[in-house]
Amino acid sequence: MVLPRPHRDDALIAVSGLAGGLLLWGLGLHSTEGGRPLSGPWTVLVPLLAMSGLELLRRTLPTAALLAGTAVLVADRFTPGSIATVLMFTDLVYAAVVYGPPASARRIPYAAGLITVGATLCSLAWFRDPSALLLGLVVGLVSAGPATSGALVRNHREAAEAARLRANQTALLAELDRREAITAERARMARELHDLVANHLSAIAIHSTAALSLDEPATTRQALTVIRENSVAGLAEMRRLIGLLRDSGDRTRPAVAPTLAGLGALVEQAATSGAASGLKCTLDAAIDADAAPPAPVALAAYRIVQESLTNALKHADAGEVAVRLTGAAGRTLTVTVTSPCGSGAGPRAPGSGAGLVGMRERIALLGGEFEAGAEPGPVGGPERIWRVRAVLPMVDDKEPSS
């Protein structure tokens, strides 16, 4: 069996205890007076050396060191005795509680207390003298005292370790929350960028394609005019978004976010951009006068209409694009956009599918309902139409307006 390597502090304690015991032995100082079965002053060195050796195991094998130390202490009582041996035994009791297994750490203080009480009662019964209480006090100082101190130190260490683990867990959760917040903010900014740019760039792509495919000066001039208007509007939207992203510290001027009041201008702009493709855009806002939606709901409704009009410019055939909003105070705001399903003829702008994803995400954040898809058209109208319908609750949501 290979004994574990002792800790540096344990070796220092063992050497110090042995040196102190040798000094007391050299001065002829002992813990008891009178003869003992093992007579001779040299006999005190045997328990002293044994206890010093056990101090080397106080941290690596604390329970075994305590059991062996108890036997050594009993043997020391048959010699003139050394206070250094007793002090090193108290350190073994303390170390067994601090470094020992949890079960031993719980039992040793109780056992030391019972030994103290038993020694006190036995000494009173044997000597029948109140001075016998001093023997119980000495036993308590040797056993119960260091065991109680070790229990307190161990409890404080365990509490500190638990607090450290909680702090690490809190830091980990905070880091996870930060990453989740960054991911959510990136997704939100991706939606905003798409909604801001897609409408204008789609109109630019459609009219530039028309200008390149048709060799008519009037049509080319009209297309270039629409392209310039959408370019300027797109740049303005981008500057507004970049201004929001910059932390300039100027909070006296609040950022202006799109509202339902701007839907008329949005639909009119879409009608101008889609005129060359035969699109006619109409708006029907049947919202109660006292049903002003919260800012997040209004922004989501605006972006849904904006994205639906962008998709209509990209994919719809000639015909009517109808935008309808209905809402009542304290209830829901319903946004419906219908457009003729495209046949693929004529200039078209490519789509990535991010628009529908962005709309679904917005509605999900607000706890609403969303559906989009093709369905049969009305009597006397196009054969098939594309219908977008969103139901938004008239309550504030976690996503702030931007």
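Modeller: Helices here are DSSP runs of H or I with at least four residues, strands are E runs of at least two, and both are numbered from the N terminus. This is a predicted model, in which local features need pLDDT of at least 70 and side-chain atom pairs count only at pLDDT 80 or more, while totals for chains, interfaces and linings use all residues. Residues are numbered from 1 along each chain as its sequence is written, and side-chain values use heavy atoms, leaving out hydrogens and water.

Biologist: Is Thr79 buried or exposed?

Modeller: The general idea is a cut-off on relative accessible area: buried is under 20%, exposed is over 50%, and partly exposed is in between, with a 1.4 Å probe and protein chains only. Thr79 has 2%, so it is buried.

Biologist: How do other loop residues read?

Modeller: Take Arg128, in the loop between helix 5 and helix 6. Arg128 counts as exposed because its relative accessibility is 74%. Its phi is near 50 degrees, a positive value in a residue other than glycine. Ala261, in the loop between helix 7 (217–245) and helix 8, is also exposed, at 74%. Ala261 and Tyr302 are 41 residues apart in sequence, with their C-alpha atoms 9.2 Å apart.

Biologist: Which residue can show me the class in between?

Modeller: Ala205, since its 25% relative accessibility makes it partly exposed. Ala205 sits in helix 6 (residues 133–213). From its C-alpha to that of Ile227, 22 residues away along the chain, the distance is 8.3 Å.

Biologist: What should I look for along a single helix?

Modeller: Start with its span, for which the expected value is 1.5 Å times one less than the number of residues. Helix 1 (residues 8–26) has 19 residues and reaches 27 Å from first to last C-alpha, close to the expected 27 Å. Helix 3, with 15 residues, reaches 20 Å, close to the 21 Å expected.

Biologist: And which residues of helix 1 are buried?

Modeller: In helix 1 the buried residues are Asp10, Ala14, Gly17, Gly21 and Leu24. They cover an arc of only 100 degrees around the axis, which puts them on the same side of helix 1; the arc is taken from the directions from the helix axis to the C-beta atoms. The face turned away carries the exposed residues Arg8, Leu12, Val15, Leu23 and Gly26. Just after helix 1 comes Gly28, with a positive phi of about 75 degrees.

Biologist: What covers the buried residues of helix 1?

Modeller: The cover includes helix 2 (45–55) and helix 4 (83–99), with contact meaning heavy atoms within 4.5 Å. The buried residues of helix 2 in turn pack against helix 1, helix 3 (62–76) and helix 4. Among those of helix 2 are Leu45, Leu48 and Met51.

Biologist: Where do the buried residues of helix 3 fall?

Modeller: They are Pro62, Ala65, Leu66, Gly69, Val72, Leu73 and Asp76. Down the axis of helix 3 they fall within an arc of 125 degrees, so they line one face.

Biologist: How do I read a pair of helices?

Modeller: Two packed helices are described by the angle between their axes and the distance between the axes. Axes are lines fitted to C-alpha atoms, for helices over the stretch in contact, and angles run from 0 to 180 degrees between N-to-C directions. Under 35 degrees counts as roughly parallel, over 145 as roughly antiparallel, 65 to 115 as roughly perpendicular, and the rest as oblique. The axes of helix 4 and helix 5 (residues 102–127) come within 7 Å and cross at roughly 140 degrees, which makes helix 4 oblique to helix 5. Val93, Ala96 and Val97 in helix 4 meet Ala105, Ile108 and Pro109 in helix 5.

Biologist: At what angle do helix 8 and helix 9 cross?

Modeller: The axes of helix 8 (residues 263–274) and helix 9 (residues 295–315) cross at roughly 5 degrees and come within 10 Å. The two helices are therefore roughly parallel to each other. Residues in the contact include Leu266 and Ala270 of helix 8 and Tyr302 and Leu309 of helix 9.
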